[in-house]
Amino acid sequence: MRVMRRLVALAGAAALLAVAPGNAHAASPKFSETTAIGTHNAYEKAKYAYFAQALDSGASLLELDVYADSLSRRWRVSHGNPLGNDNNCEAAKTPGELYGKSRDQDLGSCLDNMAAWNQLHPDHPPIVVKVEFKVGFNDNANLGPDEFDTLVAQRLGGSVYKPADLLGGTYGSLDAAAKADAWPARDSLRGKFLFEMIPGTVEQANPFDHYWTDQEYGDHLRDLYAAGRIGQAQAFPVVLGAAGGDPRTSRYDASIRPWFVFFDGDAAAYVNNGYDTSFYSANHYILIATDAHNVSPAISSTAPTDAEVATRLALLARNHASIITSDWAAKPASVLGSVVTRG
C-alpha cells in the first residue's frame, strides 16, 4: 500500500512537471490537454486591490462582469450597478502607472491594465478572460460584437489568441479545428490572453431579451467567416450551463453550432448528474467547471487548504475540465498557478 501511494504521488508530480515553466526536457502539452485554476469575479476590490494583482495571482482564468451602458454608450465593469463602474481596474496605461492609480474604471481601462502588465510579464502563461455580459450586447447603442472586437484589438493587439488563430487558415469552423486538436502548445501561448464570453444573469432573466450574448456572438463569427473577415473576431462564445450530450444541438441553429468550442457549467452538476464529460476532452473542447468547491465533499469557497485545492483540481481534471473556478483569490500563486494533465 505504501508503495502504491508513492507511485500515485510520483504520477501527480509528473503531471505537474510536464507543464512547469523552464522544464526543457518535457514537451509542452497542448492547451486542450491541461487543467488549471481560475478566479471568479477577479475585478472585485475585495479580492484584489488592483486588477494587476489579479494578473499577478497566477490564476489561469480571470472573470469580468460587463454592462453595456446604453446611456453613456460605454462598457461598465461592476457586479450590480449597470450605470457605474465598481472594480479594481485603474487609470493606468503604462507599467509604471500600475498599482496606484484611481480605480472604478471602464472596460477599456481593464484592457489597458492588461496591456501594461503584459509588458512587465511578456512570458506569462496563457490567461483566459471570462467576460459575462450582464445585460448582453446593445448593437443599437454601438455596443455590439463589432465594437467589442475593435476595443480589444485596439488595446491588446497581438497579445490575444483569436478564433482565427485556432482556424489557422486550414479549418472551416472552430469545431473542425478543435476536433483536429489544432490547439497550440501551452508554451506557445505564453504572453497571450484568450477571451470567452457568456450571457449575463440580467440578460437571462429579461423576458423581453431573446437574443443572448452567446447566440449573437456565434452569429457574428459565422458572418465574419463568410465575409472573409474572421481575423477581426477577438473572442470565443460559450455554451453556458451543464448538460448531458452535446448541448449545442437543442440551443442553436445548425449554422452557428460549429462556432462553439468553449463550454461553461457548474462543476457539481457535471459530476453529480453523471454527465459524460469525456465528450469534451475527446473533441478537445475547452470546459470551464465553475463553483468547484461545491463538488462533494464540499470545501471552502474562499479559504480551502492547499491540499484541498490540489485534490479538487485532480478530481475535476479526471472529469475532463480544462479550468476550474472558485473564489480562491487569497491562495498564493503556487496554488492558483497549478496546472495538471487533463483526463
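Me: Why is D86 called partly exposed?

Reply: Happy to start there, keeping in mind that this is a predicted model. D86 has a relative accessibility of 45%.

Me: What makes K45 and D86 a salt bridge?

Reply: The N to O distance between their side chains is 2.7 Å. A salt bridge needs a side-chain nitrogen of Lys or Arg within 4 Å of a carboxyl oxygen of Asp or Glu, so this pair meets the rule. The two residues sit in distant parts of the chain, 41 residues apart: K45 is in the loop between β1 and α2, and D86 is in the loop between β3 and α3.

Me: And is K45 buried, exposed or partly exposed?

Reply: K45 has a relative accessible area of 28%, so it is partly exposed.

Me: How do you know that K134 is buried?

Reply: Its relative accessible area is 4%. Buried means under 20%, so K134 belongs in that class. K134 also meets E132 in a salt bridge, with 3.2 Å from N to O. E132 has a relative accessible area of 8%, so E132 is buried too.

Me: What makes D223 and R222 a salt bridge, and how accessible are they?

Reply: Their closest N and O atoms are 2.9 Å apart, and the limit is 4 Å, so the pair qualifies. D223 stands at 43% relative accessibility, so it is partly exposed. R222 stands at 26%, so it is partly exposed as well.

Me: How many salt bridges does the structure hold?

Reply: There are 17 salt bridges in the structure. Some residues are linked in a network of them: D175, K179, D246 and R248.

Me: Why is D219 called buried?

Reply: D219 has a relative accessible area of 11%, and the cut-off is under 20%, so D219 is buried. D219 lies in helix α8, residues 213-226. Leaving aside neighbours within four places in sequence, D219 is in contact with Y211 and I256.

Terms used. Residues are numbered from 1 along each chain as its sequence is written. This is a predicted model: local features need pLDDT of at least 70, side-chain atom pairs count only at pLDDT 80 or more; totals for chains, interfaces and linings use all residues. Side-chain values use heavy atoms; hydrogens and water are left out. Helices (H or I, at least four residues) and strands (E, at least two) are DSSP runs, numbered from the N terminus. Buried means under 20% relative accessible area, exposed over 50%, partly exposed in between (1.4 Å probe, protein chains only). Contact means heavy atoms within 4.5 Å.
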